[in-house]
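User: Got a model here that I'd like to go through with you. Can we start with the rings and then look at the pockets?

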Amino acid sequence: MAIIHDRMTRGRSQQGWLDSFHTFSFGNFNDPNRMGFRNLRVLNEDRVIPGGGFATHDHAHMDILTYVLSGALRHEDSLGNEVFIRPGEMQLMSAGPGVTHSEMNASAHEPVHFLQIWLIPEREMEKPIYDSAMVPMQPNVFTPIASGTPDQGQLPLQSDTTLSLAKLEDGQPLCHDFKPDRYGFLHVIDGMVEIEGERLSAGDALQFENRKGCQITALTDAELLLFDMA
């Protein structure tokens, strides 16, 4: 069975410095039917004005991934990291028992557009970790970026989850096969695709349960985010 998460039904938070869409319940958006899927708890699409951002705050017991689409973020945390995150780079912060950090727009002139993803860990950690990786995507294939399976992706997750990215060229097909007892969540970052007669655009998502695979055709150049989960 596949369930469509329509982009127009996402929650939305708008402040002077932030415009954020929430695929799942977050902040003031509370839908008991949309509390996440498997280990995937948060999938937010954020835009932050120049000079704005998330001031120092706490996290614990969560894997937090940040993927910048345009602009740049300045990240600082209690582990001593002070870094810039730019397009084509993904950041992982496994909060463990607790960590504080801030995420600010690195520019005084340009907005920043990014995805923020929270995954519930299955393994306890003694201390938080920070890591980042450039996304080495080849066209028209899913490239694993972060995973709880050794040798899958560059960033180590604390759950049986693999996060992959794909950039599809207009008209190109793509397939992903799920092993038995696996679940999938596909988010369209950009462009438009067709999956078994359903057209999905940027911001739409598709939730897979008890499926052997999914067949995707790009109707425009497109970028996709796929979670393969236990």
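**Rings and pockets**

Analyst: Searching the whole structure turns up 6 aromatic pairs. Here rings of Phe, Tyr and Trp (its six-membered ring) pair if their centres lie within 6.5 Å, with planes under 30 degrees apart counted as stacked, over 60 as edge-to-face and the rest as tilted. This is a predicted model, where local features need pLDDT of at least 70, side-chain atom pairs count only at pLDDT 80 or more, and totals for chains, interfaces and linings use all residues. Residues are numbered from 1 along each chain as its sequence is written, and side-chain values use heavy atoms, with hydrogens and water left out.

User: OK, what's the geometry of the Phe24 and Phe185 pair?

Analyst: Tilted, at 5.4 Å centre to centre with 45° between the planes. The pair links distant parts of the chain, 161 residues apart: Phe24 is in the loop between β3 and β4, and Phe185 is in strand β17 (residues 183–190). Strands are DSSP runs (E, at least two residues), numbered from the N terminus.

User: Is Phe24 buried or exposed?

Analyst: Phe24 is buried, because its relative accessible area is 1%; buried means under 20%, exposed over 50%, partly exposed in between (1.4 Å probe, protein chains only). Phe185 counts as buried too, at 0%.

User: And how do Phe37 and Phe185 pair up?

Analyst: Also as a tilted pair, 6.2 Å centre to centre and 40° between the planes. Phe37 is in the loop between β3 and β4, 148 residues from Phe185. Phe37 is buried at 6% relative accessible area.

User: Which residues form the aromatic cluster?

Analyst: Phe24, Phe37, Tyr183 and Phe185 form one cluster. Arg38 lies over the face of Tyr183, 3.9 Å from the ring centre; the test is NZ of Lys or CZ of Arg within 6 Å of the ring centre and within 35 degrees of the ring normal.

User: Which residues lie nearest its centre?

Analyst: Gln152, Thr162, His176, Lys179 and Asp228, out of 14 lining residues. β15 (161–168), β16 (173–177) and β22 (222–229) each supply at least two residues of that lining.

User: And the second largest pocket, how much space lies there?

Analyst: About 200 Å³. Of its 17 lining residues, Leu18, Phe26, Asn44, Phe54 and Gln116 are the closest to its centre.

Methods
On a 1 Å grid over the protein atoms alone, a cavity is a set of points where a 1.4 Å probe fits but cannot get out, and a pocket is an open set with protein on both sides within 12 Å along at least five of seven lines; lining residues have an atom within 4 Å of a point. Helices (H or I, at least four residues) and strands (E, at least two) are DSSP runs, numbered from the N terminus. Grid points are joined across faces, edges and corners, and a volume is the space filled by probe spheres set on the points.
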